[in-house]
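Colleague: I would like to learn how to read a few features of a protein model. Could you walk me through some of them?

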Amino acid sequence: MSFESLNLNPAILQALTTAGYEQPTPVQVKAIPEARAGHDLMVSAPTGTGKTAVFVLTALQRLAQPSAKSGRGPRVLVLTPTRELALQVTSAVDKYCRFMRHMRTGTVLGGMPYPKQRRLLEQPLDILVATPGRLIDFIDQGRVDFSRLEMLVLDEADRMLDMGFIEPVKRIAGATPAARQTLLFSATLDGGIAKLAQQLLREPRLIQIAAPRARHENIEQRLHYVDDGGHKRRLLDHLLRDTGLGQAIVFTATKRGADRLAEALFDDGHEAAALHGNMNQNQRNRTLARVRNGSVRVLVATDVAARGIDVLSITHVINYDLPKVAEDYVHRIGRTGRAGAMGIAISFATPEDARQLKQIERFTGRGIEAHVVPGMEPKLRARSDFSRDGRGSSRGQNGNQGRVNGAATRWSSRRDGGRKAGRVFS
Ligand code: AMP
């Protein structure tokens with residue numbers, strides 16, 4: 001199946017080619033034709049399956065035709081539970097509509113100043129991406145014109161339900177025309193979601209994509225707090241000497257960093273090589289061939305270079321530098337645990353990484369368990385300002401008695417009040 005056979009507008013097809021997409025993912029194959037036929041949809045597809053493109057492409061296809069109604073309000077509304085997801089959806093819209101003319105997208109989010117968003121709502125809009133709470137504020141102020149709204153998308157509806165947005169979502173839906181098309185995406189489609197769908201959707205088509213790998217259930221995720229670059233190097237060297245490690249991809253933030261680290265590891269006796277965007281295709285292919293034939297055990301890579309690497313023997317992914325974008329974390333760790341195998345994903349986090357770490361944990365919806373290697377404890381201590389399950393747990397690495405601290409994201413030095421926070425690990 002190709003994107004061409006989905007009969008999409010040429011400008012959309014051009015954007016997909018530019019994005020490097022070769023063919024639609026399973027959820028896109030199943031859901032886009034149904035959505036394009038105008039049906040309401042209930043889709044269970046976790047993040048990483050390409051679900052965003054299902055509704056964005058369907059929306060853009062609609063928007064390629066002028067509205068039959070006058071007015072300036074949005075023709076498509078996407079509701080998301082979090083700001084992060086709203087921003088991701090907005091950037092997906094930008095990516096897929098880049099060759100379409102006059103596409104106007106706006107984002108209305110909580111936690112941001114009102115005036116700019118107010119002005120945005122006064123402008124003509126095609127797609128509005130919003131979190132429910134802030135949008136309700138604007139609806140209550142009479143600032144949103146839904147008279148020409150054609151499509152409502154509820155993204156990650158299960159999370160909206162969990163976060164207590166169910167009433168705002170219902171109210172927002174109630175403010176839109178009844179003749180709209182509604183697309184609901186959720187990890188689960190039972191219980192509260194089924195009830196919500198009954199109220200808001202009309203004879204929805206049900207599409208379920210089982211994607212346990214996309215949720216990384218077969219990948220053990222670990223976190224190591226580190227003090228600085230030197231600490232990272234020592235810890236990495238230790239981890240790479242583990243005989244349980246078959247082959248690893250080590251991610252760095254920069255191409256230079258990948259080169260330097262690969263050289264340093266090679267000098268230390270590891271079979272290491274770098275892979276990054278400054279290498280030409282031949283060089284990249286040669287390196288990948290050496291990974292596949294086992295002569296490279298440690299591939300040091302940047303995000304872009306590592307996209308799409310599908311090597312079944314990768315047992316470990318190590319985030320030497322945390323990714324800047326939370327979504328890249330999911331792409332990175334997905335390089336291990338291929339074809340149902342178990343994989344281990346280890347992330348290093350310095351005190352400066354606290355925000356990024358928090359974003360990753362929010363994005364994946366779970367805290368990453370912290371581990372320590374005895375003798376390589378961080379000098380700085382981590383403490384948690386929240387814990388998702390409210391419990392501490394302790395599980396060590398390789399049977400060592402490392403302490404685990406669910407979602408520790410703030411640091412304090414040994415001298416200050418780390419103890420005050422309760423959950424201190426050392
Ligand atoms: P999502 O599940 O919507 O969060 O998408 C996960 C990732 O897959 C995003 O980085 C998309 O850019 C990418 N993606 C979506 N559709 C395709 C496709 N057909 N081919 C390749 N990548 C895709």
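**Strands, rings and a loop**

Modeller: Gladly. Two bridges join strand S8 (residues 219–225) to strand S14 (residues 369–370), and these two strands run parallel. Keep in mind as we go that this is a predicted model.

Colleague: Which residue of S14 does Arg-222 stand opposite?

Modeller: Arg-222 stands opposite Glu-369 in S14.

Colleague: How many bridges join S8 to strand S13 (residues 343–349), and in which direction do they run?

Modeller: Seven bridges link S8 with S13, and the two strands run parallel. Here the bridge partner of Arg-222 is Ile-346. Arg-222 therefore has a partner in S13 as well as one in S14.

Colleague: How should I think about the side chains of a strand?

Modeller: As a general idea, side chains in a regular strand alternate between the two faces of the sheet.

Colleague: Let us turn to rings. How many aromatic pairs does a search of the whole structure find?

Modeller: The search finds five aromatic pairs. One of them is formed by Tyr-21 and Tyr-96, with 6.0 Å from centre to centre and 65° between the planes.

Colleague: Why is that pair called edge-to-face?

Modeller: Planes over 60 degrees apart count as edge-to-face, so the 65° between Tyr-21 and Tyr-96 puts the pair in that class.

Colleague: What does this pair tie together?

Modeller: Tyr-21 lies in the loop between helix H1 (10–18) and helix H2 (26–36), while Tyr-96 lies in helix H4 (residues 83–96), so the pair ties together parts that are 75 residues apart in sequence. Ring pairs also link Phe-3, Tyr-21 and Tyr-96 into a cluster.

Colleague: Where does a charged end sit over a ring?

Modeller: The charged end of Arg-134 sits over the ring of Tyr-114, 3.7 Å from its centre. That of Lys-232 sits over the ring of Tyr-320, 5.2 Å from its centre.

Terms used: Residues numbered from 1 in each chain as written. Predicted model: local features only at pLDDT ≥ 70, side-chain atom pairs only at ≥ 80, totals over all residues. Heavy atoms only, no water. Phe/Tyr/Trp six-rings, centres within 6.5 Å; stacked < 30°, edge-to-face > 60°. Helix = DSSP H or I, 4+ residues; strand = E, 2+ residues; numbered from the N terminus. Lys NZ or Arg CZ within 6 Å of the ring centre and 35° of its normal. Buried < 20%, exposed > 50% of the residue type's maximum accessible area, 1.4 Å probe, protein only.
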